[in-house]
Amino acid sequence: MRQQTNIETQFFELIENNKDRINRICSVYAKNSEDQKDLVQDVFLNIWKALPSFEQRSSIHTWVYRITLNVCMRSKYEKLQRSKVNLDSIKIEYPSEEPKEAKYEQLYQCIAQLAESDRSLIVLFLEDLPYKEIAQILGISENYVAVKIKRIKAQLLNCLNAQKDA
Amino acid sequence: MLDKDLKNLWNNAPQKGNVQFDKQKILNEMNTEIQKIDRSIRNRNLRETFAALLVILMFGWSFFTTDVLISKIGMGAVVLGAAFIIYKLYAVRKSRQPVDVSTDVKTQLVASRDYLKKEQNLLQNVLYWYILPLAAPILFIGIVNGSPLLFKVIYSLFVIGLSFFVYWLNQKAAKGFDPNIAQLEEAIEKL
């Protein structure tokens, strides 16, 4: 009973601290706002399901990023999809008049143009994670992360400059 | 643009909506959702087993009531075929472990690809574990019984036709896995 309460407390703390991060990443993979909500709900559900078996072999931060990316990437594959979860208690509220500066939209558009695996790398880089942690989340070597980030960054900057010039 | 500028741009971008959750309801809802998913898997497993058990009961009954030895052999073979299908489905379910969503992304992609390949393989091999164990003895029973030749021909054509149809449906479903497997291969390779 006490252990269950601990898990509940840990869960609430975890999603409160990470909900913006999770939402940001899901928005990169979502096709539209409805899809974004479904992804966020699915991430929360998977965190809740997996939390009791969290073994602290990695930091909880790394663990949340892994779940978020895995859920978001999995959603692309029709044959891996389960029936959609429907949790009314989780909502995404959009401000009625969201100021959208072109540079932010351009960034999202350029990220969306990247290959799926490159997208996961750049998102973690933009979240200011050290290469070591990115390597742990993705399951690749730290050196390889550095090489790939350099290449993807160049690609992203090219895209942003091209959009600026257009 | 420097790394810092790029990260600032990302971090200062207006939030794509604010996530709100109802602390009172969320746990109940999630537990219900998990139960719903478990229940749907359990029901599917039950349906599969029930269909095979029905065949076992029907042909098992005929096995004990028929006096003709050759028909008895056929009925027994159908029962064994249906039992084999139950075993096969059970073994598949056991190996169908859900992919651990908290592993690293590359491991997850590889596990997802392997999972899809396994499912595809099951559909591709449906002839050996589903169609032949059932259709062959059913066909045998129809041929060896004392019915008129015309009945035997129509019966055989029906069983063979149905088997082809089931085979075709499964091969079509198996092909449906190809695009996802190819996309996963590509993602693994590029990561």
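Predicted model: local features only at pLDDT ≥ 70, side-chain atom pairs only at ≥ 80, totals over all residues.

Tutor: Residues are numbered from 1 along each chain as its sequence is written, chains are lettered from A and ligands numbered from 1 in the order in which they are written, and side-chain values use heavy atoms, leaving out hydrogens and water.

Student: How many aromatic pairs are there over all chains?

Tutor: Rings of Phe, Tyr and Trp (its six-membered ring) pair if their centres lie within 6.5 Å; planes under 30 degrees apart count as stacked, over 60 as edge-to-face and the rest as tilted. By this rule, the count over all chains is 11 aromatic pairs. One of them is the stacked pair of Phe12(A) and Phe21(B), with 6.3 Å centre to centre and 5° between the planes.

Student: Where do the two partners of this pair lie?

Tutor: Helices (H or I, at least four residues) and strands (E, at least two) are DSSP runs, numbered from the N terminus. The pair crosses between chains: Phe12(A) belongs to helix H1 (residues 2–29) of chain A, and Phe21(B) to strand S1 (residues 18–21) of chain B.

Student: Is Phe12(A) buried or exposed?

Tutor: Buried means under 20% relative accessible area, exposed over 50%, and partly exposed in between (1.4 Å probe, protein chains only). Phe12(A) has 12% and is therefore buried; Phe21(B), at 16%, also counts as buried. Both belong to one aromatic cluster, formed by Phe11(A), Phe12(A), Phe44(A), Trp48(A) and Phe21(B).

Student: Which residue lies over the face of Phe12(A)?

Tutor: A charge sits over a ring if NZ of Lys or CZ of Arg is within 6 Å of the ring centre and within 35 degrees of the ring normal. Lys23(B) lies over the face of Phe12(A), 5.0 Å from the ring centre. Likewise, the charged end of Lys72(B) sits over the ring of Phe63(B), at 4.9 Å from its centre.

Student: What is the radius of gyration of chain B?

Tutor: This radius is taken over C-alpha atoms, and the globule rule is 2.2 Å times the number of residues to the power 0.38. Chain B has 26 Å, whereas a compact globule of 191 residues would have a value near 16 Å. The C-alpha trace of chain B spans about 85 × 40 × 25 Å along its principal axes. Chain B contains 7 helices and 1 strand.
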